[in-house]
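Have a look at the model first.

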Amino acid sequence: MSRFIFFSLCAVAVFTSACNKNGGFYVTDDNTLKYCYADVTGDGKENLILLSPSSEVTPYGRAGDTLYILSSENKLAGRHDIISKFDVKDMKPLNVMAGDINRDGVTEVSLKVYKAAEYDPEPAQRPFFFNVSRGRLEAVWLGSRLARPFVDYTVADLDGDGYDELAALETVPDGFLLAAYSWDNFGFVCYAKSEVFGTIDEIHNMEPPLDWMRIALERLSFNE
């Protein structure tokens with residue numbers, strides 16, 4: 001096991017919801033950048049977690065503007081009740097995911113962001129995790145990086161233990177590899193990784209992948 005533990009740099013950040021809860025949000029193709037479904041409010045009901053697009057384009061694609069926590073009783077397109085919404089444009093989020101990564105029984109929201117960090121002034125993709133609690137977005141882990149720069153990451157139960165882990169497609173000087181991380185009290189530990197492949201196509205078409213690699217390959221984006 002590779003003992004890389006990465007700590008949050010600013011885990012006290014809190015974003016307050018600003019919304020009219022009696023209003024609604026009408027989901028269309030134009031106002032949807034990324035979305036997923038999960039119970040992130042702890043009421044036993046699945047939420048639609050949606051990231052709306054901003055006008056800003058990063059080297060990795062268009063960034064998001066607002067994070068919506070919505071009711072999910074209806075089909076995706078159409079009106080949804082707003083539970084919470086948060087202005088996240090300064091983080092330049094590129095994707096939204098959800099999973100219980102710290103094994104506390106609460107499903108966290110994960111934003112893949114493109115921004116600078118306190119000790120890393122160059123903008124880069126970074127994994128951020130939050131709890132949605134009482135109308136607030138509370139930081140769980142705002143990582144400056146993983147073990148290596150990554151093309152993409154995903155959150156899923158990689159080992160069948162009922163908890164979520166993090167898998168990443170990472171870059172190394174001579175190519176690419178897959179890495180798996182689990183939570184270890186204050187951050188993530190890299191507990192498994194693949195061999196190095198010269199191209200992304202090679203890693204995408206590896207045969208036969210281990211179970212955790214197969215799960216990662218089904219979920220990861222391979223666009224550099």
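Of the 224 residues in the chain, 50% are buried, that is, under 20% relative accessible area with a 1.4 Å probe and protein chains only. This is a predicted model, in which local features need pLDDT of at least 70, side-chain atom pairs count only at pLDDT 80 or more, and totals for chains, interfaces and linings use all residues. Residues are numbered from 1 along each chain as its sequence is written, and side-chain values use heavy atoms, without hydrogens and water.

The chain exposes about 11,000 Å², with 47% of that area coming from carbon and sulfur atoms; the areas follow the Shrake-Rupley method with a 1.4 Å probe. It holds 2 helices and 15 strands, taken as DSSP runs (helices H or I, at least four residues; strands E, at least two) and numbered from the N terminus.

Now for the sheet. An open sheet is built from 5 strands in the order S3-S7-S6-S5-S4, with antiparallel pairing; two strands pair if DSSP finds at least two bridges between them. Strands S3 (24-27) and S4 (34-38) each have a single partner strand, so one side of each is left without a neighbour in the sheet.

| Pair | Bridges | Sense | Facing residues |
|---|---|---|---|
| S3 and S7 (residues 78-87) | 4 bridges | antiparallel | Gly24 and Asp81 |

Strand S12 (residues 150-156) is mostly covered, with 7 of its 7 residues buried.
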